[in-house]
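Please have a look at the sequence and the model while I talk.

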Amino acid sequence: KEQDCVQEERMAREQINLGINMKGGLPYTEWSRQQMVTRRANGGRDDPHTYCKPPNYPRAWTLPQHTKIIQTPKEMVMLHEFNAAYREVYLDGRPMPVDPNPTWNGYSTGHWEGDTLVIETNGIRDNMWLDIQGSPITEAAHVTERLKRVNLGLMKVEIAVNDPKAYTRPWSVTIEMALQVDTQMLEEICLDNE
């Protein structure tokens, strides 16, 4: 029986609950707790991901689809495999807008601190989800992501969220991502191990 082992990969625990490794979990406000009750009561039917909407960041870091990053001196573009979504990160030193038009991925600027890429984002649309359980993120959010490649096959992504509408205090989590250099090689390994 042929199997696609890429699709058989275990779902990242953070995909289900981004705050799973935080002591006490994410610090939800009463408003966000009510949002999650509603989202669970309808079986997650309002999850934007269910309707093939773009996978918003930082949620996209936990999804199983691949992301390809293309960088020029002034801009980085992240091409996400799900529904051909993309994200732009400006690297040209421009300031963050004070009141940006909200979008799926928000407005992002980045800069390097040594070997760590620091991405600042605001202007994320309301009603976005951080994980399958429906942890909210709102237009009030300011997100900082710190991407550091640990070695050839591993990258650490620290996600810090300051969203006073959804959370009682700023919080951060760190996730590890396996990097794939050659998907064809992975597919061959999968077929060899059937």
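This is a predicted model: local features need pLDDT of at least 70, side-chain atom pairs count only at pLDDT 80 or more; totals for chains, interfaces and linings use all residues.

Let me begin with strand E9, residues 154-162, where strands (E, at least two residues) and helices (H or I, at least four residues) are DSSP runs numbered from the N terminus. E9 and strand E10, residues 171-178, run antiparallel and are joined by 8 bridges; two strands are said to pair if DSSP finds at least two bridges between them. On its other pairing, E9 is joined by 9 bridges to strand E8, residues 142-151, again in an antiparallel arrangement, and a hairpin through 2 residues links E8 to E9. Within that pairing, Val 143 stands opposite Val 161.

What about strand E5, residues 116-122? Here 7 of its 7 residues are buried, buried meaning under 20% relative accessible area, exposed over 50%, and partly exposed in between, with a 1.4 Å probe and protein chains only. Thr 116, Val 118, Glu 120 and Asn 122 point one way from E5, while Leu 117, Ile 119 and Thr 121 point the other way. E5 is joined to E8 by 6 bridges, antiparallel, with Val 118 opposite Arg 146, and E5 is also joined to strand E4, residues 107-113, by 7 bridges, antiparallel as well. Tyr 107 has Asn 122 as its bridge partner in E5, and in the hairpin of E4 and E5, which has 2 residues between the strands, Gly 114 takes a positive phi near 65 degrees.

Turning to the loops, Asp 163 sits between E9 and E10. Asp 163 is buried yet has no salt bridge, and Lys 165, the nearest side chain of opposite charge, is 7.6 Å away. For the terms, Lys and Arg count as positive and Asp and Glu as negative, with His and the chain ends not counted, and a salt bridge is a side-chain nitrogen of Lys or Arg within 4 Å of a carboxyl oxygen of Asp or Glu. Not counting residues up to four places away in sequence, Asp 163 touches Ile 137, Thr 138, Ala 140 and Ala 141, contact meaning heavy atoms within 4.5 Å.

Finally, some backbone details. Most residues other than glycine have a negative phi, and most peptide bonds are trans. Against that background, the bond from Tyr 57 to Pro 58 is cis, with omega near 15 degrees, and Pro 58 lies in the loop between helix H2 (30-41) and strand E1 (67-71). Cys 52, in that loop between H2 and E1, has a positive phi near 60 degrees. Asn 127, in the loop between E5 and strand E6 (128-129), has a positive phi near 70 degrees.

Notes:
Residues are numbered from 1 along each chain as its sequence is written. Side-chain values use heavy atoms; hydrogens and water are left out.
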